[in-house]
Structures are given as structure tokens and as C-alpha cells.
Amino acid sequence: MFDRYEAGEQAVLVHVDLDDEVAREDLEELKLLVSSAGVQTLAVITASRAKPDPKYFIGTGKAEEVQQAVKALEANVVIFNHALSPSQEKNLESIFKCRVLDRTTLILDIFAQRARTHEGNLQVELAQLKHISTRLIRGWTHLERQKGGIGLRGPGETQLETDRRLIRGRIKNIQARLAKVEKQREQGRRSRKRSDVPTVSLVGYTNAGKSTLFNRITAADVYAADQLFATLDPTLRRIELNDVGNTILADTVGFIRHLPHDLVAAFKATLQETRDADLQLHVIDVADERRGENIEAVNNVLQEIEADDVPQILVYNKIDQLEDINPHIDRDDEGNIIRIWLSAQTGEGCDLLLQALTECLAKKMVEVKLAIPPSEQKWRGVFFELNCIENESYSDEGNWLVDLRLPNDEWNRLLKNNQDQLNKFIIH
């Protein structure tokens, strides 16, 4: 789209401690992001400022220090742990003579590497195009090239305007294709709701162990690694729970502080699974010293996508990395489950998680004893299809004696159309 220096894999990192706590970023997280992107870190330069410099973000003196480090170490990319304005990015590149990336661009690049499905690639491309559209700079010499020909003389269309028009067209095309995907997902969600199949969504900070836990519970083979954003594309699996039946478990993309708004918007269809879930399992890396901040960051994103009103259970993962912590369930004063301690890696406590899911999702069950005469054996097929038969036998008169255990709403549905008949069969 625009003339830039060749991007490389050897970087100088720049981190600024700002007085504004809301805008402050974490240096260790930047290192993890850079490592996840496959980039080698040559040096880390830090600074402290009350507020960003309008022209260079880090100020003239610190910019010269970075420029000297780039030259001495022969780095070919400088990565800032902050969001830069287009003009700041352009000014810094003119000094460093190499490509400059900000935090948002780095995250978008990692997402582009991780996307595997058609939908994931479309979502990432949409986010990248929206981001690039604000950063089209005059990097070419032919930008004022005129359109010629009789009747066509005049100012013409600059290359920048052409680029913007092409990007707008591509964004419109991708949004239309994603709308079709979202419609298909919505049909799937409506089908599950009609079938009364509950959905449980795994949410959490990136690298908290969601995919490992997902694989442990569902025996799936979702890619899991000790890196940020190892999983990008959503995965749905069906599990069977006692007193609940079929349940859908959804593994979604991990969250991060200051997740780019373009990315949130692009992944709206994917994150819809989280918003429409019956229950959220908020997976937390209990061994991470910043877990309190991570919990807050995840809840902020959930609020942004309007998924903060879904019932949530905290899952404190990676207890194998702590001493003297055994798997257990924490409850509030009313006996409701609020927190589960487990290790997805070793499997410790995963049985407690399944127990908690059953307790939270189980429908009110009804137990009924029936004596059905031989002339009404059509009910045998109905009850077997509902998979609600606990015990069965036959009386001396040939009646089918059956013990049923089924959800209250299923029993009420049967009574609605057959109340007089079924009431005759009930053994009190």
C-alpha cells in the first residue's frame, strides 16, 4: 500500500512508563508478544514521561538514543509498546531509517499469522485494512501523477486517493462476506436454542490455558502452546453432562489489555458465541502475578462486546505451578459456585469443573413411575427417544412398569398434549 523499509525479524523494543495508569502497558507482555510474532529482541529501551510527545511520542533525545541503537545493532524494525498516531509513526521512521510498528500493528500481525480458517483470515484482513486506512502516507514519488487524454485533463486522482478507494471497496466486500458467515452462525445458535442445548464459552486472558482446558474436557485436538494468541479461530465441541445432556463448549480467542477496537469489531461474529452463551468459564492463570489486572482487562472486553451480563464462573488454572494448593471449589454465602481451582495441564480438578457445570446447567428433574397397558406400547418409543428410562419391568397383568427421570419442561410438554392419558398411567 505504501513505500516502507523491509520489515525484519530483529527488533529494538521501546517502552514508556506514562503517568496515566489507564494508558500504561506492561513490558513483559510486550516481550511475549514480540516472541509470539517470531521476532528476535536485540535491545529494550525504556523511558518515563508524564504524557506522550506529540511528534515522536518519546521526545527528541530518546528518539536519537533509539536511532543510535538501531544503527549499532543493525536492527531492521523498532516496536513500540504503545499505540502511535500515523504522523508519529512517519516521523520516527524518518529518523530510524527502518520500519516502526506500534502495539496495535504487532497484535494484528500475530493474528494474521495465527488465522487458519476462511472466516479468521477475513476477520484479520478487515482489521488490518481498517488500521492501514488511517496510515496511508505519501511514500511514493508518483502520487501527483495526472490522468491524461482529451477531456480528462485536470488535477486527476492521486495515488493516495486511489489506495483509499481500493481499501474502501475491499472493506465493503469483506464485510458482506462476514455478514453471510454471521448469518450462518446465527442459524446454528437458533437451532441449538430450539433444541434446548446449553452453550458454555471459555473466555480469559491470552495464554491462560483455555485451549489446554478445552482439550482436556472434550478430548479435542485444538492447538495449544505457551505463547500469546496460540488459538485464534473459534472451536465448538459437544460434551455430555449428567442431568444436562448435550452441551456445547466453545473455545474463543484470548483477550489482552487494550485489544484494538478494529479487531473487536472484526471478530464480532466470533465473539457472539461468548455473548449468547448460557455460562462463561473465565479461565485465569493463577500463577501470573498480574492476574488481577488480567481479570479486569477481560471483563472490560466482555463489557465492550455486551457479554458482561452472562453468568460467569472463575476457573483458577495452573495450580500445579503453585505450592500447597489442592483442587477445590469456592462458594459464596448462599452456596453458589464462584471459583474452581484446577490444573488443565495435569487434569487435577477437572472432575470438579464438570461437577460445577452440571450443577449450574442442570434442569429441574422430575421422577415419575408409570404403569402402561399393552395397548399403549407406543409410549415405549417416546420414552426411549427421550432417553429418560431409569428402570423397567412387567407386572403379572402385562403392564409395562417404568421409572422415568426427565427434565421438568419435557414432562410438562408431554402433559400438555396427553394429560388425561398420562395421568391414568401414573403410579402414586
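Visitor: Which side chain does His-15 join in a polar contact?
Guide: The side chain of Asn-81, with a polar contact of 3.1 Å. Keep in mind that this is a predicted model.

Visitor: Where does His-15 lie?
Guide: His-15 is part of strand 1, which covers residues 10-18.

Visitor: Is His-15 buried or exposed?
Guide: Buried, because its relative accessibility is 4% and the cut-off for buried is under 20%.

Visitor: What else is His-15 in contact with, leaving aside neighbours within four places in sequence?
Guide: Besides Asn-81, the list has Glu-25, Asp-26, Leu-27, Ile-45, Thr-46, Ala-47 and His-82.

Visitor: Changing topic. How many residues are in the largest nonpolar core?
Guide: That core has 31 residues. Leu-30, Val-34, Ile-79, Leu-106, Phe-255 and Leu-302 have the most contacts inside it.

Visitor: Which elements each supply at least two residues of this core?
Guide: Strand 1 and strand 3 (77-80) do, along with helix 1 (27-36), helix 4 (103-114) and helix 10 (291-304).

Visitor: And what lies apart from that core?
Guide: Another core, with 26 residues. Leu-202, Leu-213, Leu-241 and Leu-342 are among them.

Visitor: Back to Leu-302. What is it in contact with, leaving aside neighbours within four places?
Guide: Leu-302 is in contact with Val-203, Phe-255, Thr-274, Gln-280, Ala-307, Asp-308 and Gln-312.

Visitor: Now helix 5. What should its 15 residues span?
Guide: Helix 5 covers residues 118-132, so at 1.5 Å a residue it should span 21 Å. Its end C-alpha atoms are 21 Å apart, which agrees.

Visitor: Which residues in helix 5 are buried?
Guide: They include Leu-122, Val-124, Leu-126 and Leu-129, and also Glu-119, Gln-123 and His-131.

Visitor: Last topic, phi. What is the value for Asp-324?
Guide: Near 60°, which is positive, in a residue other than glycine. Asp-324 sits in the loop between strand 9 (312-317) and strand 10 (328-331).

Visitor: Buried or exposed, that Asp-324?
Guide: Exposed, because its relative accessibility is 77% and exposed means over 50%.

Visitor: What about the phi of Asn-387?
Guide: Asn-387 is not a glycine, yet its phi is positive, about 55°. Asn-387 is in the loop between helix 12 (378-386) and strand 13 (389-394). With a relative accessible area of 67%, Asn-387 is exposed.

Terms used. Residues numbered from 1 in each chain as written. Predicted model: local features only at pLDDT ≥ 70, side-chain atom pairs only at ≥ 80, totals over all residues. Heavy atoms only, no water. Helix = DSSP H or I, 4+ residues; strand = E, 2+ residues; numbered from the N terminus. Buried < 20%, exposed > 50% of the residue type's maximum accessible area, 1.4 Å probe, protein only. Polar contact = N/O pair within 3.5 Å; in protein donor to acceptor, adjacent residues only side chain to side chain. Contact = heavy atoms within 4.5 Å. Core = buried A, V, L, I, M, F, W, Y, C linked by side-chain atoms within 4.5 Å. Expected span 1.5 Å × (residues − 1).
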